[in-house]
Amino acid sequence: MSDQTMTKSPSRLRRALDSDLYYAFRTSPVAMISAFVSILLILAAVFAPLVATTNPFDPSSLNLMNGFTPPMTDNAFTGDSFIMGTDDQGRDVFSTILYGMRISLFVGVAAVLFALVLGVILGLLAGYAGGWTDTIIMRAADVQLTFPSILVAMLVFGIAKGITPVEYRDQMAIWVLILAIGLSDWVQFARVVRGATLVEKSKDYVAAARLIGRPPLAIMLRHILPNVLSPVLVIATISLALAIIAEATLSFLGVGAPPTQPSLGTLIRIGQQFLFSGEWWILFFPACTLLALALSVNLMGDWLRDALNPRLK
Amino acid sequence: MKTMTGLLAAAALMSTTALVNAETLRWARSGDALTLDPHSQNEGPTHTIRHQMYEPLVIRDVTGAFEPALATEWAPKADDPTVWVFKLREGVKFHGGEDFTAEDVVFSFERAMQPNSDMKELIGSIKEVRAVDDLTVEFVTDGPNPILPSNLTNLFIMDKGWTEANNTVNVQDFEGGEITFATTNANGTGPYVLTSREPDVKTVMTRNEAYWGRDQFPMEVSEIIYTPIQNAATRVAALLSGEVNFLQDMPVQDISRVDQAEGLVVKQAPQNRVIFFGLNMGADDIEADNVEGKNPLADVRVRKAMSMAINRDAIKQVVMRGQSEPAGMISPPFVNGWTAEMDAESTTDVEGAKALMAEAGYGDGFSIRLDCPNDRYINDEAICQAAVGMLGQIGVKVNLNAQPKAQHFPLITDSKTDFYMLGWGVPTYDSEYIFNFLVHGRESDIGTWNGTGFDNDEIDAKIATLKSNTDLDARNADIAAIWRVVQDEQLYIPIHHQVLNWSMAEGVGITVDPEDQPKVKYFTMK
Amino acid sequence: MLSFILKRIGQSALVLLVVGLVAFSMFRFVGDPIDNMLGQERTQADIDRLRTQLGLDQPFPVQYYKFLQEAAQGNFGVSYRQGREVSEIILERAPATLELAAVSALIAIALGIAFGVYTAIRRNGFLANFIMSASLVGVSLPTFLIGILLIYIFSVELGWLPSFGRGETVRLGWWTTGLLTESGLKSLILPAITLGLYQMTLIMRLVRSEMLEVLRQDYIRFARARGLSDRVINFRHALKNTMVPVITIIGLQLGAIIAFAIITETVFQWPGMGLLFINAIQFVDIPVMAAYLMLISVMFVVINLIVDILYAFIDPRMRVSG
Amino acid sequence: MTEPILSIRNLTVEIPTRHGIFKPVENVSYDIRPGEIRGVVGESGAGKSMTGNAVIGLLDPPAHISQGEIWLNGRRIDALDPEEKRRIRGKEIGMIFQDPLTSLNPLFTIGEQLVETIQLHLGFTQAQAKARALELLEAVSIPNPPERFNQYPHQFSGGMRQRVVIALALCSEPSVIVADEPTTALDVSIQAQVLDLIKKLARERQIGVILVTHDMGVIADTTEQVTVMYSGKVVESGTTDQILGAPTHEYTKSLISAVPRPHEKQYRFPQVSYGGRETVFKVEDLARNWPKTQASSSGKILSVQGLTKRFVEKSSIIPSRQTYFTAVDEVSFDIHDGEVFGIVGESGSGKSTVARMIATLLPVDGGKVMFDGKDVTRLDREGQAWYRRQIQMIFQDPFSSLNPRMKVGDIVAEPLLHHKILPRNQVEARVRELLDKVGLASDAYRKYPHEFSGGQRQRISIARALATQPRFLICDEPTSALDVSIQAQILNILKDLQEHLGLTMLFISHDLPVVRQMCDRVGVMQRGKMVEVQETEALFSAPEHPYTRELLNLMPRLAQLSD
């Protein structure tokens, strides 16, 4: 790069399309396919009311007699037919998956966002302030690590159940899930951000900003934060997959989304009861959807990790 | 990878060895007995294990009829209705070789009356137990008690000498965490002898060759290995893979699979348990709805409409896979006071229900929370879910709160729910038991499970007389009258009677017991 | 070194104290044990009697203080559900969980390191890419589902392996082991795979990325420049350096394995502490839950202490300084 | 002349990239004879290291030799299969890397690493190998080899480690050693020792050495033959005297002219333009709007008195058991209005710590820093805001001193906005003007730092520093990360700033020739202490402190340099 190669600045989009990241993306079939699948699933979930054939969350629209209809088969009593069959309540599995994915994604995204915001703030604070602040935050992180995510989730659930009035419980369930999963997840964000902050803090551009007189908050947010975001992005992606799985696991242990508004995990919990009895579709389709969703998000995260790691190039 | 396949191959070679001894009953169900102490914990699965090792004076057979056990005859004293006379079986010995005498019966009943005993309420009417001779015992009650034998079917007899020698005369203080010799050891007169026990893991018993009924009953099982398996899928898998050959708590959806499986059968019988919804009709306003200042449930038309909205046949068909009997009253059919007519009173009529709702002023419906257990009754959560949909059709918007029984039941007993699911079994086979708990107005020691807020002094007075009314006809008339009120007031919304499903290997001959109390001495093995 | 360990022990004690408070106070809010312990025919008098007996009528700080006092002596009181000393129950259940966790950890660590090293060395190889992608499938399905599928395939359909329990166990003092009997070993296979799979993937991915990092270091280039063979470079020089950060994470994962055993134990009816814990939650069995949490924390802390010491053994830089 | 042991013939290395094939090395040829040291010199990116890597067969894929031949002792080695190449590595060709701190595996003792290599190449028994290892340690002048043998790399200092690295390269008596910037990471005193060792070993053992470096001083003092590379190609080859004294190629001329002369003070760095590298710096325009500097009351703008800094070396909960390392030990000096004051010292001497304490980036543990009569270590909020506008700083590493996630325009605007020097709507115009004045094109405003070269980034830093129109500028090794030609440009700019804007400067450097060119007065620091403060010319002609004399002695002579 010599001094006179200064042409006109290309547009933001042009530059994005020209970036190494996009190039790496375009040349990686795995990344392309997994991005395609994730986006497809996410869109399907977001626009579930438009895509789905029925609204499975409206109990009064269900006909119990449609229960256990196999895929693409006419129900013996009602004569209805469903592309992926129906579950034990007569819900259309296809529609329920779309609506369930909505809840799973919402819980996952919100939990990761919660963990991210908490972890990034605490990590920045610990890394930048150092000293006692650092010690307290990182000891808290140690304590948090002592409780593996499942335990944390059950604890949060227990407390939430204990302290909220019964009538708010079903609206609460999802928020509690988000809180539970998010709480068990913030540590890794905090650790990574703290580590990266320690590295960035010692760089001279931070010294330059301090020299200008910028207050610590401005330095953390304007200078350090943007520079520690790439690992955060990678962790966030992988955490999203983990959060979706965690939600499913918690549902299995009975602390998940309410059965009248099932998430993917709740659907799998319901479906696994019918694994031996031959109603395979109640488990199979939600499990495949979960697998596709988690796998594509995981693959994206994996790819992103490699692509954003300049040293691996 | 290589090691993995190696292991699998080795496992495959070994797999055939597990199932040799045909006389071993490998028995699984969802939970374990809480203790072995005969007079602690009045709980079904706990009694089930005790029944193999201990015996009461009388038991019920699979039809619900009394069958002599340690007593051979029993009747109230001809001249004094407050005294019951029990003749005891001769020549019975405990596992330790001790002789069974009237002294043991007196001792056991006195033990069962201790404060720590969980059985004391059942024999609360007994004032005195006396041994007339070695083989005759008299029970003196505080008034005439026509149904005393019904309360004795789970009252096990211990050996006085053994109990005293092992310092376990006092009933284990279960809640206080006491462990006594009797908690982990057993010395009964029963058909099986305890060999080893790891709570929640495994209990092993072997046949008592010296059992008094060794020749009277099949007694073909020589060894019992009892394993609790909580996860339903794992439980079924264990049966399908042949690791167990007798399964209680069978998930209904797996019945056909198990039935079709080579060498496995599923047997059914109506269970002594009815499932229903409770409605808080007594409060002026209820918390769990969206109607301010009024209680829609207080209006009998609303209660009737809600009952009419429930399609019990669909629930039976889909949720229960045919394994239930739609109910019209909250009494199992075995119970004195049950009538086929009343049990058929539930109808499904969505249009009629809507009309009733409109008539009651709730044409636009209302919303309410339904509290439901998810680990207590067969498909409890799925039933509630189905009900949510059905009630939705008449405008009652139901928010479902399904949770483990540990959290569910306190809601009922602490009056924190206005609409809830409950199941009820009647060990005494008499309606009085139902009335005492579910119909009588709530007081500190009666009506404790009545979450409806129903409190009618007249009915309460009637219920109180049932205890000592020896005139059986008059008593039955009172029972019928009380039932009529319960039915007309639609105090509860009955759903169905549970059907018990036991599954077993083909060679295991079993008749299903309506109280879900298998007694292995009846089993045959081929 | 000694002061370092003492410092860590001090920190650990602090962690345990906090965990103790959290564990106890949290569970104080879940459900009401009284309702579970008294059956259908209970009276208000029964309830009051029991409440006093269990000390549940006392103020919260008093209950906590008592709890700490007792916990320090390994005395967590009596299980509400089983009516036995919690310490006794835990001691009885611990071998099952520890054996399962140990075997799972062994699988996870051995295979995780092997696959991790392989995928790092053959970074763009077909098999390496396949292993990487396949491992993602493993973590994209919930553990309980994997367990149930394994049961379905290997127990129900093929009938090769038991679907539940520990099989025959042998008593060695207070310790019961399933490792010495055929049925015990067979019973261990499916749960151990289920439990180890996830951790294996984590370790594998970690080893891979650390190894790639190490392989880019100057001393590896220098080792290559000295003419050392790839085998020596990969397995002597790179692997040892890779293990330094990996050991810390493995320490954390071991703690997680014991906790994640909750799910595996539920699916396979494995008679360990996880199952005990789940039952305790259902019954709001506070003493058991509190003891379990404390135990998990103690194990976690101990494992990490060991890891720290191990660290010093591997890394000479730690040995000299401090 | 003896036959060459290593011959490189028309070597081309290619790296396929998405933008086409990139040739970091193109058509390069040179020879090495036994006992001869050939310097390969050039600026970063010239392809000199890549050539060395190609010789020893360690090109990182996808880089590969696309053309040319490499002959070693009459055998062609570029086309051997990987296993044969491996056998040559370490046995016939040794290698020394730049950074001794990272070249040794931290988890193995140096004995293990030596024995491993010796056994591999010579097939010795453990005992034989150990004897040889001790011999080698002796040969590279490591004191007490038997004890050192069992120690880990972290127990060695940087210079000692580089000796161990050399011993490792010597294990099997290779005929050629490729030394890639072997002394760049070392202090001057150590650098001289290591270079002497390499010279001695080459002479005694008749080893041919390829010495890759960017440092003309190293070339002048060490090599016999020099190859000059520029953007992948050899531009000139010849004996050292010839190349340094009478360069023929324009590039070599520009390179040599840009080297700071150690023995005389020049007014400006002569810059011979090559490849369009010269850019304008419009300091006169800047000066027009610059506020007239008001002289400080005492004539001393900055007075440092007894400045001390301690770092915790070993922490402990008990304060008395805490041990400290004194990085700066009671340092005192004054800086007069408008002068350039230099501080020289080796790494760890505390010179940067002093700079950062003056900038109040680090708290002080003792002493005072008086700026214009105010103690800046104890300023209130208002005072701090004032002080921040008076001083600015240029940092060493142009890559880390600019926030990579901020646009250049925002970087330069930040001080203006923070101090509210201008109304918001005028900021952009001022920033564009500043960028223009430091010689950056107008579109720089919207670009990110990574789109600029090191020299350009340092200009951005200067623009940022000038934004608040400070009176005092701290330059902490501002050019040590730059190539010499760029260094000359930046140093000229700094000189202009001082001259035209009347800026006072504190100039931190380890490079004595640079200091001589830049500073009016110089302080020498050693282990946290200021050992001598002198007028520059007086210091260079008559050093008083023995340490200063030692430093001056080690300074490369560069006597052969053409003017």
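## A span of chain D and its annotation

In chain D, the stretch of residues 6-256 has end C-alpha atoms that lie 28 Å apart, and its composition is 41% helix and 27% strand, where helices (H or I, at least four residues) and strands (E, at least two) are DSSP runs, numbered from the N terminus. The UniProt annotation "domain: ABC transporter", taken from an unreviewed entry, covers residues 6-256 and 312-552 of chain D; UniProt positions are given in the numbering used here, with feature names shortened, and annotations may be inferred rather than shown by experiment.

## Model and confidence

This is a predicted model, in which local features need pLDDT of at least 70 and side-chain atom pairs count only at pLDDT 80 or more, while totals for chains, interfaces and linings use all residues. Residues are numbered from 1 along each chain as its sequence is written, and chains are lettered from A and ligands numbered from 1 in the order in which they are written. The model scores ipTM 0.78 and pTM 0.80. For chain D the mean pLDDT (the predictor's confidence in each residue, from 0 to 100) is 86, and 94% of its residues reach 70 or more.

## Two domains in chain D

The domain assignment, whose bounds come from an automatic or database source, divides chain D into domain 1 (6-257) and domain 2 (283-295 + 338-362 + 376-554). The C-alpha centres of these two domains of chain D lie 36 Å apart. Their contact takes nine residues from domain 1 of chain D and eight residues from domain 2 of chain D, two residues being in contact if their C-beta atoms, placed from the backbone, lie within 7 Å.

On the domain 1 side of this contact, helix 8 (188-205) and helix 11 (250-258) of chain D each supply at least two residues, and the largest share, three residues, comes from helix 8 of chain D. The residues of that side divide into three nonpolar, four polar and two charged; here Ala, Val, Leu, Ile, Met, Phe, Trp, Tyr, Cys and Pro count as nonpolar, Asp, Glu, Lys and Arg as charged, and the others, Gly among them, as polar.

## Buried residues and the core

L72(D) belongs to strand 4 (residues 64-72) of chain D. L72(D) counts as buried because 22 other C-beta atoms lie within 10 Å, the classes being buried at 20 or more such atoms within 10 Å, exposed at 12 or fewer, and partly exposed in between, with C-beta atoms placed from the backbone. Leaving aside residues up to four places away in sequence, L72(D) touches I5(D), L6(D), I77(D), I88(D), E92(D), I93(D) and V176(D).

The largest nonpolar core has 506 residues, and those with the most contacts inside it include I358(D), V412(D) and L506(D); such a core is a set of buried Ala, Val, Leu, Ile, Met, Phe, Trp, Tyr and Cys residues joined through C-beta atoms within 7 Å. With residues up to four places away in sequence not counted, I358(D) touches L302(D), V304(D), V369(D), I474(D) and L506(D).

Chain A comes to twelve helices and zero strands. Of its 313 residues, 54% count as buried.

Chain A places 26 residues in contact with 35 residues of chain B, and the chain A side divides into eleven nonpolar, ten polar and five charged residues. Of the five pairs of chains in contact, chains B and C share the most contacts, whereas chain B and chain D do not touch, their nearest C-alpha atoms being 30 Å apart.
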